[in-house]
Amino acid sequence: HGQAMLHLGDSQGQLQIVHPLLQQDPVCNDFFKMLGLPEAKSENNLLEKLLNKSAKITHRNAASWLFELYELYVKQEELILNRIRNSLAEFACIPCVSGGNDTIILLPASEAYLPLNHLKQWFRYNGIAYVSKPLFQYFKNKGVSESNLMEYLTFLNVNRLPKRIVTKND
């Protein structure tokens with residue numbers, strides 16, 4: 001996903017760590033901490049595993065993959081939150097439907113809209129893609145409230161409000 005990620009500590013699965021001999025040197029270790037290198041944690045390892053699976057995301061497994069990311073999101077660790085948001089910025093992983101069609105397509109969060117009544121009214125003549133109902137149902141079945149899912153999707157940059165749409169004349 002275009003970002004190298006080094007960690008301090010013991011090897012945790014797929015995480016890349018700073019060589020242990022360098023970590024033992026107090027000057028080097030202080031330098032790594034000053035750079036903001038995070039400690040190797042199981043959450044970081046899980047996030048890396050999930051991001052490595054992203055190439056295999058389809059409309060059939062996107063909801064479960066997004067839910068696994070949601071479980072990391074709710075822990076509210078800043079480094080993980082930033083990594084999730086940056087990694088998914090332009091990645092087509094949000095299941096959506098468009099123009100009254102029930103076919104689910106995957107879009108980047110920035111191209112999707114929450115299925116809110118005011119947005120449906122605003123875009124009633126345009127083929128805008130809304131987050132699919134099955135995603136809401138999947139999260140509901142997992143015990144996640146609609147408002148918490150909306151907050152999560154907004155965090156991922158799914159649109160809550162109309163945005164400027166560039167036309168040929170712009």
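The crossing of helices α7 and α8 is right-handed. This description rests on a predicted model.

**The α7/α8 pair.** Two packed helices are described by the angle between their axes and the distance between the axes. Helix α7 covers residues 133–141 and helix α8 covers residues 146–155. They pack at an angle of about 120°, and their axes lie 10 Å apart. That angle makes α7 oblique to α8, since angles over 145 degrees would be needed for roughly antiparallel. On the α7 side, the contact uses L135, F136 and F139. On the α8 side, E146, L149, M150, Y152 and L153 meet them. Seven of the contact residues are nonpolar, none is polar and one is charged.

**The α4/α5 pair.** Helix α4 spans residues 62–73, and helix α5 spans residues 78–88. Their axes come within 9 Å and cross at roughly 150°. The two helices are therefore roughly antiparallel to each other. From α4, the contact draws on W65, L69, L72 and Y73. From α5, I80, L81, I84 and L88 take part. Here the count is eight nonpolar residues, no polar and no charged.

| Pair | Axis angle | Axis distance | Contact residues by class |
|---|---|---|---|
| α7 and α8 | about 120° | 10 Å | seven nonpolar, no polar, one charged |
| α4 and α5 | roughly 150° | within 9 Å | eight nonpolar, no polar, no charged |

**The sheet.** Three strands form an open sheet. Their order is β4-β3-β5, and the pairing is antiparallel. The edge strands are β4 (105–107) and β5 (129–131). Each edge strand pairs on one side only. From one strand to the next, the twist averages 55°. Strand β3 takes in residues 94–98. It pairs with β5 in the antiparallel sense over three bridges. At S98, the bridge partner in β5 is A129.

**Aromatic pairs.** The structure holds eleven aromatic pairs. One of them joins F67 and Y138. Their ring centres are 6.2 Å apart, with 70° between the planes. The geometry is edge-to-face, because planes over 60 degrees apart count as such. F67 lies in helix α4 and Y138 in helix α7, so this pair ties together parts that are 71 residues apart in sequence.

Definitions and conventions: Residues numbered from 1 in each chain as written. Predicted model: local features only at pLDDT ≥ 70, side-chain atom pairs only at ≥ 80, totals over all residues. Heavy atoms only, no water. Axes fitted to C-alpha atoms, helices over the stretch in contact; angles between N-to-C directions. Helix = DSSP H or I, 4+ residues; strand = E, 2+ residues; numbered from the N terminus. Parallel < 35°, antiparallel > 145°, perpendicular 65-115°, else oblique. Left-handed = near helix turned anticlockwise from the far one by under 90°. Contact = heavy atoms within 4.5 Å. Nonpolar A, V, L, I, M, F, W, Y, C, P; charged D, E, K, R; others polar. Pairing = 2+ DSSP bridges. Phe/Tyr/Trp six-rings, centres within 6.5 Å; stacked < 30°, edge-to-face > 60°.
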